[in-house]
Amino acid sequence: GAGLMGAAHLAPSWLFAGHDAILGVDLGGTNFRAGIVSLNLKEAKDLSKAAVTGSELWRHRDEKPTREEAVEKLIAMLEDLIAVAGKDKIKLAPFIGIGCPGLINADGSIERGSQNLPGNWQSSKFHLPTLLREAIPEISGHDTAIVMHNDAVVQGLSAFPDMQDVEHWGVLTMGTGLGNARFTNRTASAEG
């Protein structure tokens with residue numbers, strides 16, 4: 001669940017106002033996972049009580065899809081989760097947070113390191129956030145915002161609430177590929 005829960009830390013907190021949950025995506029070389037991440041902000045403002053309340057897993061490695069088929073399946077998974085949220089009266093924020101293997105550029109394109117994903121995700125003509133935004137332009141009546149970051153960073157962010165008493169910390173992820181990230185907490189004076 002860390003790869004999904006960390007996605008909540010990719011969004012600005014103002015986006016959560018009046019909403020219960022976001023959509024998180026964890027893309028891996030074997031599986032795609034998408035889930036509803038309940039923020040539980042009434043219990044803890046720092047997202048330490050966030051929890052995955054519904055998720056879908058697709059083992060793409062078995063099916064060897066094209067890149068386009070993989071994106072279509074991911075969109076279908078997200079649409080299923082939006083329908084589940086509606087049925088369960090969960091107010092989704094208009095946000096999808098994505099953890100993806102590789103070096104992710106600020107514009108959401110992939111520089112390198114996505115070779116375990118189906119097809120060529122590093123092509124200059126391929127941009128996953130744009131494709132998802134075109135397929136799911138609105139969530140809860142608001143324009144969909146999408147942030148994609150390296151999967152190790154997103155997994156590491158899930159531990160952020162528990163890492164407030166240290167200056168530096170890191171994460172190592174082991175899946176189809178290996179990943180790592182290191183974090184430095186800002187001091188209170190640096191934030192002011």
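# Strands, cores and a few residues

Me: Hi! Let's start with the sheet: in what sense do β1 and β4 pair?
Reply: β1 and strand β4 (residues 92–100) pair in the parallel sense, over 5 bridges. Two strands count as paired if DSSP finds at least two bridges between them. Helices (H or I, at least four residues) and strands (E, at least two) are DSSP runs, numbered from the N terminus.

Me: And which residue in β4 is the bridge partner of Val 25?
Reply: That's Ile 98.

Me: What kind of model is this, and how are residues numbered?
Reply: This is a predicted model, where local features need pLDDT of at least 70, side-chain atom pairs count only at pLDDT 80 or more, and totals for chains, interfaces and linings use all residues. Residues are numbered from 1 along each chain as its sequence is written, and side-chain values use heavy atoms, with hydrogens and water left out.

Me: Good to know. What's the strand order in the 5-stranded open sheet?
Reply: The order is β3-β2-β1-β4-β9, and the pairing is mixed. β3 (51–58) and β9 (145–150) stand at the edges with a single partner strand each, so one side of each has no neighbour in the sheet. From one strand to the next, the twist averages 20°. Angles run from 0 to 180 degrees between N-to-C directions, with axes being lines fitted to C-alpha atoms, for helices over the stretch in contact.

Me: Which strands does α3 lie across?
Reply: α3 lies across β1, β2 (32–38), β3 and β4, and runs at about 25° to β2. Contact here means heavy atoms within 4.5 Å. Helix α4 (residues 128–135) lies across β1, β4 and β9, at about 155° to β9.

Me: Now the inside. Which residues touch the most other members of the largest nonpolar core?
Reply: Leu 27, Phe 32, Leu 78, Ile 98, Trp 121 and Leu 128, out of 31 residues in that core. β1, β2, α3, β4, α4 and β9 each supply at least two of the core's residues, and the largest share, 8 residues, comes from α3. A nonpolar core is a set of buried Ala, Val, Leu, Ile, Met, Phe, Trp, Tyr and Cys residues joined through side-chain atoms within 4.5 Å. Buried means under 20% relative accessible area, exposed means over 50%, and partly exposed is in between (1.4 Å probe, protein chains only).

Me: What does Trp 121 touch?
Reply: Leaving out residues up to four places away in sequence, Trp 121 touches Leu 27, Phe 32, Arg 67, Ala 70, Ile 110, Ser 114, Phe 126 and Leu 128. There is also a second, separate core of 15 residues, with Leu 4, Phe 16, Leu 39 and Val 154 among them.

Me: Changing topic: is His 19 buried or exposed?
Reply: His 19 is buried, at a relative accessible area of 18%. Its place is the loop between α1 (2–5) and β1 (21–27).

Me: What is His 19 in contact with?
Reply: Setting aside neighbours within four places in sequence, His 19 contacts Leu 39, Lys 91, Leu 92, Ala 93, Pro 94, Ser 140 and His 142. A polar atom of the His 19 side chain also lies 3.0 Å from the backbone oxygen of Ala 17. For a polar contact, the pair of N or O atoms must be within 3.5 Å; within protein, one must be able to donate a hydrogen and the other to accept it, and residues adjacent in sequence count only if both atoms are side-chain atoms.

Me: Ser 140 is on that list. What is its phi?
Reply: Phi of Ser 140 is near 55°, a positive value in a residue other than glycine. Ser 140 sits in the loop between β7 (138–139) and β8 (142–143) and is partly exposed, at 44% relative accessibility. Lys 64 has a positive phi too, of about 45°, and is not a glycine either. Lys 64 is in the loop between α2 (60–63) and α3 (67–87) and is exposed, with a relative accessible area of 68%.

Me: And Ala 152, where does that lie?
Reply: Ala 152 is in helix α5 (residues 151–157), buried at 0% relative accessibility. Ala 152 and Gly 102 are 50 residues apart in sequence, with 9.1 Å between their C-alpha atoms.

Me: Last one: how many helices and strands are there in the protein chain?
Reply: There are 6 helices and 11 strands. Of the chain's 192 residues, 45% count as buried.
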